[in-house]
Amino acid sequence: MPKPIFVLSGPNLNLLGVREPDIYGHETLLDIQARCSRRAAEFSMTVEFRQSNHEGVLIDWVQEARTAASAMVINPAGYGHTSVALLDALKTLAIPVIECHLSNPAAREDFRRHTYVSLIAAGVVSGFGGASYELAVEAAAGLVGAVRA
Ligand code: DQA
């Protein structure tokens, strides 16, 4: 079995389902975790799915991924727009990184149009709600050479 795809979610995403549902939808993060696990299984892969509201914790997990993950999907949430430290951690990874967002930040406020994560991401999936995560997992599986079982 290959190493898991780390799927990391940043601040406030634990509130999915109740947080601004007009923007982020009604699915919970648990629902999205189930979708990601199912999609990864189609490629005989697994996901390590985690969420934190804390920048340092996310950075620790990125560092852990250096040896424990085959690829990374990250929704950095607000930290994508602000965190040079998260970018620096991601730059240490030799594995592919896919950025994902539930909403389409480019169609929202100006300050959401830039993310530091995009500087190192192999690609970005935005605007499809929970499906953004699933599509990002599929893209990550493809980038590590996994094929549909
Ligand atoms: C988000 C978009 C960010 O701008 C925002 O800060 C979030 C969620 C998204 O998934 O659409 O918290 O990353």
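These are my notebook entries on a predicted model.

**Ground rules**

I number residues from 1 along each chain as its sequence is written, and I work with heavy atoms for side-chain values, leaving out hydrogens and water. Because the model is predicted, local features need pLDDT of at least 70 and side-chain atom pairs count only at pLDDT 80 or more, while totals for chains, interfaces and linings use all residues.

**Entry: helix 2 against helix 6**

I took helices (H or I, at least four residues) and strands (E, at least two) as DSSP runs, numbered from the N terminus. Two packed helices are described by the angle between their axes and the distance between the axes. I looked up both for helix 2 (residues 29–42) and helix 6 (residues 130–143). The axes come within 9 Å and cross at roughly 25 degrees. That makes helix 2 roughly parallel to helix 6. The axes are lines fitted to C-alpha atoms, for helices over the stretch in contact, with angles from 0 to 180 degrees between N-to-C directions. Angles under 35 degrees count as roughly parallel, over 145 as roughly antiparallel, 65 to 115 as roughly perpendicular and the rest as oblique.

I noted the hand of the crossing of helix 2 and helix 6 as right-handed. A crossing is right-handed if the near helix is turned clockwise from the far one by less than a right angle, and left-handed if anticlockwise.

Next I listed who touches whom, with contact meaning heavy atoms within 4.5 Å. Helix 2 contributes Leu29, Ile32, Arg35, Cys36, Arg39 and Ala40. Helix 6 contributes Gly130, Ala131, Tyr133, Glu134, Val137 and Glu138. I sorted this contact by class and got seven nonpolar, one polar and four charged residues. In this scheme Ala, Val, Leu, Ile, Met, Phe, Trp, Tyr, Cys and Pro count as nonpolar, Asp, Glu, Lys and Arg as charged, and the others, Gly among them, as polar.

**Entry: cysteines**

How many disulfides does a search of the whole structure find? I got zero. The cut-off is a pair of cysteine sulfur atoms within 2.5 Å. I then checked burial (buried is under 20% relative accessible area, exposed over 50%, partly exposed in between; 1.4 Å probe, protein chains only). Cys36 is buried at 0% relative accessibility. Cys100 is buried too, with a relative accessible area of 0%.

**Entry: Gly80**

I found Gly80 in helix 4 (residues 79–82). Gly80 is buried, at 1% relative accessibility. Leaving aside neighbours within four places in sequence, Gly80 touches His114, Thr115, Tyr116 and Val117. From Gly80 to Glu64 I read 19 Å, C-alpha to C-alpha, across 16 residues of sequence.

**Entry: Leu93**

Leu93 sits in the loop between helix 5 (84–90) and strand 4 (97–101). Leu93 is buried, with a relative accessible area of 13%. Beyond four places in sequence, its contacts are Val62, Ala65, Arg66 and Met72. Leu93 and Leu13 are 80 residues apart along the chain, and their C-alpha atoms are separated by 23 Å.

**Entry: positive phi**

I logged Glu20, not a glycine, with a positive phi of about 35 degrees. Glu20 is in the loop between strand 1 (5–9) and helix 1 (21–24). Glu20 is partly exposed, at 38% relative accessibility.

I also logged Ser44, again not a glycine, with a positive phi of about 55 degrees. Ser44 is in the loop between helix 2 and strand 2 (47–51). Ser44 counts as partly exposed, at 38% relative accessibility.
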